[in-house]
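This report describes a ligand site, a loop residue and a strand. Please consult the sequence and the model displayed here while reading.

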Amino acid sequence: MRVGVLESETDFAGWRRAARAFRLAGTPPADAAFRVGEGGGGLFDEAPPVGDGGAQFPVPRAFVELAEAVILHRSEDRFDLLYRLLWRLGREPDLLRVLSDRDVADALERAKNVSRASHKMKAFVRFRLSEEEGAEHWISWFEPAHRVLERTAPFFARRFATMRWSILTPDGAAHWDGDRLSFGPPATRDMAPAEDEIEDFWKTYYASTFNPARLKTRTMRGEMPKRYWANLPEASLIPDLVASAATRSEAMIATPAPEPNARLAKTLSRLNRDRAFEEGFTPSSLEELGQAVQACRRCPLWRDATQGVCGQGARKARLMIVGEQPGDHEDLSGRPFVGPAGQVLDAALAEAGIDRDDAFVTNAVKHFKHVPRGKRRIHQTPTTSEVTACRWWLDAERALVRPRVILSLGGTAALGVLGQKPAVTRMRGQALALPDATALLTIHPSYLLRLPDPEAAARERERFFADLKMVQRLL
Ligand code: URA
């Protein structure tokens with residue numbers, strides 16, 4: 001028996017080096033083994049990387065992708081399974097197409113489990129606020145079903161780019177300092193804060209949309225497997241909610257708004273004064289559009305906003321999601337849907353199986369309309385003329401991204417998307433053929449949070465979910 005020694009449970013490069021060397025040496029799967037740990041005296045900790053000697057053999061790209069996923073599976077025998085496949089590919093180059101083959105089916109199933117674990121991580125990581133020397137640090141404790149931390153962490157770096165955060169897991173920790181992603185050793189649950197005020201946000205969201213009368217425990221377990229409950233603030237409510245419909249959510253506890261970034265606001269307003277907005281200008285890229293919106297004077301909303309917030313996401317997305325306007329967090333960070341409403345949207349999309357990264361997320365209005373109340377900035381609904389003025393930017397985004405489907409969230413978004421005020425409740429759920437895309441109107445996710453009647457809230461949540469499913473079908 002020859003042994004390939006890997007540095008860690010997810011050491012794909014190490015496995016690949018050892019497996020190549022095994023195959024080049026003609027070592028059959030029965031005589032090859034892999035183990036994780038130091039040294040070990042195995043043949044292949046000394047073996048030169050394949051390629052140095054020029055010895056190569058072709059491996060389909062699909063196999064490499066499959067192996068990169070399967071190696072993250074928690075099963076002990078995954079290295080052997082992958083080597084068996086690699087060995088067989090030498091004689092059966094089309095092996096991966098034979099879906100009835102046991103090894104192929106087994107590997108595909110494990111890759112699916114890994115992908116599901118990554119998906120659940122995107123949906124169920126909940127950050128809690130911890131203050132360190134006056135600086136905010138968002139920390140989450142999470143126990144992924146498979147070893148998907150490194151694969152999934154870049155998603156959080158993109159999504160929560162302006163927050164300093166750490167995701168702690170039993171396999172390792174991911175840290176984002178606002179600039180760089182790094183990884184550290186395994187952590188324990190007690191290293192993460194137990195509770196914070198955001199907790200109440202999730203609890204309120206869940207409680208207000210949970211309907212015991214319509215409870216389907218099997219479906220619920222499928223969507224929100226029990227293994228994740230320990231780390232979900234809202235899961236602590238489930239037993240009580242199931243047992244009794246009496247207790248109901250209070251109003252959502254809003255996170256106190258942080259101070260507006262006064263320095264940035266000043267710089268931008270000076271910049272804007274110097275750079276008159278040119279009529280007749282057509283942005284040729286999303287970057288150009290993002291810069292140009294900072295000089296927009298089409299309506300007065302720019303005055304009180306920190307900055308204009310344009311859409312973000314896949315440049316050639318098939319799906320464009322249009323919200324109302326940036327909120328407090330979006331205004332400060334310059335990114336759409338990154339505050340509490342963004343978390344609700346993310347959770348709903350994840351639940352419906354839509355990857356937000358494949359979509360382009362934007363708003364009908366690009367500046368945050370608000371009034372000050374003490375230290376907080378309170379959202380104001382934009383007027384029809386403000387939305388109409390801002391359609392110029394939304395149209396420019398549509399022309400650049402050219403989505404096939406536009407999901408419009410709420411009345412303001414519908415006005416921006418259609419150019420007229422439709423009755424969202426009447427037109428909801430219909431695929432509307434527009435010259436450039438198919439539009440689907442639905443409610444704004446924050447509406448779900450405001451419904452006081454739990455039955456109505458649960459019904460609305462199901463309808464929202466059905467709308468998202470329809471988006472998937474249209475795509
Ligand atoms: N609500 C919206 O409609 N858009 C955002 O970007 C954030 C909150």
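Leaving aside its neighbours within four places in sequence, with which residues is Val-365 in contact?

## Basis of the report

The model is predicted, so local features need pLDDT of at least 70 and side-chain atom pairs count only at pLDDT 80 or more, while totals for chains, interfaces and linings use all residues. Residues are numbered from 1 along each chain as its sequence is written, and side-chain values use heavy atoms, with hydrogens and water left out.

## Val-365 and its contacts

Beyond four places in sequence, Val-365 is in contact with Leu-301, Glu-324, Gln-325, Pro-326, Pro-382, Glu-386, Val-387 and Cys-390; contact means heavy atoms within 4.5 Å. Val-365 belongs to the loop that links strand 10 (359-363) with strand 11 (370-373). Strands here are DSSP runs (E, at least two residues), numbered from the N terminus.

Val-365 counts as buried because its relative accessibility is 2%. Buried means under 20% relative accessible area, exposed over 50%, and partly exposed in between (1.4 Å probe, protein chains only). Between Val-365 and Trp-392 the C-alpha to C-alpha separation is 9.9 Å, and the two are 27 residues apart in sequence.

## The ligand site

Around the ligand stand Gly-323, Glu-324, Gln-325, Pro-326, Gly-327, Glu-330, Pro-336, Phe-337, Ala-341, Asn-363 and His-444, each with a heavy atom within 4 Å of the ligand. This shell comprises 4 nonpolar, 5 polar and 2 charged residues. In this classification Ala, Val, Leu, Ile, Met, Phe, Trp, Tyr, Cys and Pro are nonpolar, Asp, Glu, Lys and Arg are charged, and the others, Gly among them, are polar.

A ligand nitrogen atom lies 2.7 Å from a side-chain N or O atom of Asn-363. The protein buries 92% of the 240 Å² that the ligand exposes when taken alone, with areas from the Shrake-Rupley method and a 1.4 Å probe.

In strand 13 (residues 405-409), 5 of 5 residues are buried. Val-405, Leu-407 and Leu-409 point one way from the strand, whereas Ile-406 and Ser-408 point the other way.

Strand 13 runs parallel to strand 9 (residues 319-323), to which 4 bridges join it; Ile-406 is the bridge partner of Met-320. Strand 13 also pairs in the parallel sense with strand 15 (residues 438-442) over 5 bridges, and Leu-409 has Thr-442 of strand 15 as its bridge partner. Two strands pair if DSSP finds at least two bridges between them.

Notes
A polar contact is a pair of N or O atoms within 3.5 Å; within protein, one must be able to donate a hydrogen and the other to accept it, and residues adjacent in sequence count only if both atoms are side-chain atoms.
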